[in-house]
Amino acid sequence: MAYVYQMPFLSKLNIDKYIRDILNCNILSTVKMTWIILPQMVARKKGIIINISSLSAMRPFPLIAVYSSTKASVDFFSQALDAEYSSHGIIVQSVLPSFVKSGLTTIFCDSFLTRAEAYARSALNTVGLTRKTTGCLSHSIQGCALKWFLPEWLHFSPAGMALQLFLTNLFMKKQK
Ligand SMILES: NC(=O)c1ccc[n+]([C@@H]2O[C@H](COP(=O)([O-])OP(=O)(O)OC[C@H]3O[C@@H](n4cnc5c(N)ncnc54)[C@H](OP(=O)(O)O)[C@@H]3O)[C@@H](O)[C@H]2O)c1
């Protein structure tokens with residue numbers, strides 16, 4: 001589950017339901033599903049778990065604070081679990097995509113989105129090679145750009161948040 005629009009924490013509509021849904025979908029389901037399937041994998045001495053985090057877990061993201069923090073949780077959980085169970089023959093991979101065309105990104109222009117099939121194919125090629133991946137080259141470049149060109153002091157400032165909103169609006173489908 002993601003977010004529809006970027007806005008401060010208290011400005012969200014139905015915030016109580018949003019909080020419950022997003023914590024359940026993004027964190028609780030990931031941890032509980034792992035708890036259900038991992039014992040069988042340990043018994044077989046092999047298994048692959050791929051958890052979908054997000055590029056927004058690379059650092060805390062203002063205006064999508066809840067989403068960003070649930071995705072950081074998925075990333076931390078996956079990496080820690082990989083360390084715990086790699087000696088049992090199990091791979092746990094954390095995938096941090098940027099924007100991919102899906103039901104969650106219908107508000108964005110298609111030209112800005114990576115096709116889901118191409119993204120999945122590229123990300124799957126990294127399984128077994130790395131415990132954490134952005135999944136494809138263009139998303140790695142976006143991750144590097146975020147790290148190198150948007151210093152944390154700017155990212156967390158009002159100007160950084162305004163820039164974040166401006167860039168998001170730039171890539172949104174224009175309302176007719
Ligand atoms: N697409 C991106 O750009 C992007 C980027 C970074 C991370 N991700 C992550 O990738 C994962 C998969 O998303 P996707 O992009 O592949 O989109 P998707 O195909 O639309 O899948 C989203 C899924 O979440 C379910 N869902 C949404 N809100 C829910 C709710 N309140 N309660 C129960 N289920 C709910 C949807 O169920 P229904 O089909 O029943 O609606 C759907 O199965 C998500 O965790 C997302 O955060 C996506």
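Trainee: In this predicted model, which backbone oxygen lies 2.6 Å from a polar atom of the side chain of Thr34?
Mentor: Start from Thr34, which has its place in helix 1. A polar atom of its side chain is 2.6 Å from a backbone oxygen, and a polar contact needs a pair of N or O atoms within 3.5 Å. The residue that supplies this backbone oxygen is Thr30.

Trainee: Is Thr34 buried or exposed?
Mentor: The cut-off for buried is under 20% relative accessible area. Thr34 has a relative accessibility of 5%, so it counts as buried.

Trainee: Which residues does Thr34 touch, not counting those up to four places away in sequence?
Mentor: Contact here means heavy atoms within 4.5 Å. Leaving out residues up to four places away in sequence, Thr34 touches Pro39, Ile49, Phe77 and Leu81.

Trainee: Which elements give two or more residues to the shell around the ligand, and how much of the ligand does the protein cover?
Mentor: A side-chain N or O atom of Lys71 is 2.7 Å from an oxygen atom of the ligand, while a backbone N or O atom of Ser98 is 3.3 Å from a ligand oxygen. On its own the ligand has 880 Å² of accessible area, and the protein covers 51% of that. The elements giving two or more residues to the shell are helix 1 (15-44) and helix 2 (65-85).

Trainee: How do the residues of that shell divide by type?
Mentor: There are 16 residues around the ligand, and Tyr67, Lys71, Ser98, Val100 and Ser102 come nearest. By type, the shell divides into eight nonpolar, six polar and two charged residues.

Trainee: In what order do the elements of the protein run?
Mentor: The protein has six helices and three strands. Read from the N terminus on, their order is α-β-α-β-α-β-α-α-α.

Trainee: Why is the protein as compact as a globular protein of that length?
Mentor: The globule rule gives 16 Å for 176 residues, and the protein is close to this value, so it is as compact as a globular protein of that length. Its C-alpha atoms fill a box of roughly 55 × 35 × 35 Å along the principal axes. The radius of gyration behind the comparison is 17 Å.

Terms used:
Residues are numbered from 1 along each chain as its sequence is written. This is a predicted model: local features need pLDDT of at least 70, side-chain atom pairs count only at pLDDT 80 or more; totals for chains, interfaces and linings use all residues. Side-chain values use heavy atoms; hydrogens and water are left out. A residue is near a molecule or strand if one of its heavy atoms lies within 4 Å of it. A polar contact is a pair of N or O atoms within 3.5 Å; within protein, one must be able to donate a hydrogen and the other to accept it, and residues adjacent in sequence count only if both atoms are side-chain atoms. Accessible areas come from the Shrake-Rupley method with a 1.4 Å probe; for residues, only the protein chains shown count as cover. Helices (H or I, at least four residues) and strands (E, at least two) are DSSP runs, numbered from the N terminus. Ala, Val, Leu, Ile, Met, Phe, Trp, Tyr, Cys and Pro count as nonpolar, Asp, Glu, Lys and Arg as charged, and the others, Gly among them, as polar. Buried means under 20% relative accessible area, exposed over 50%, partly exposed in between (1.4 Å probe, protein chains only). The radius of gyration is taken over C-alpha atoms; the globule rule is 2.2 Å times the number of residues to the power 0.38.
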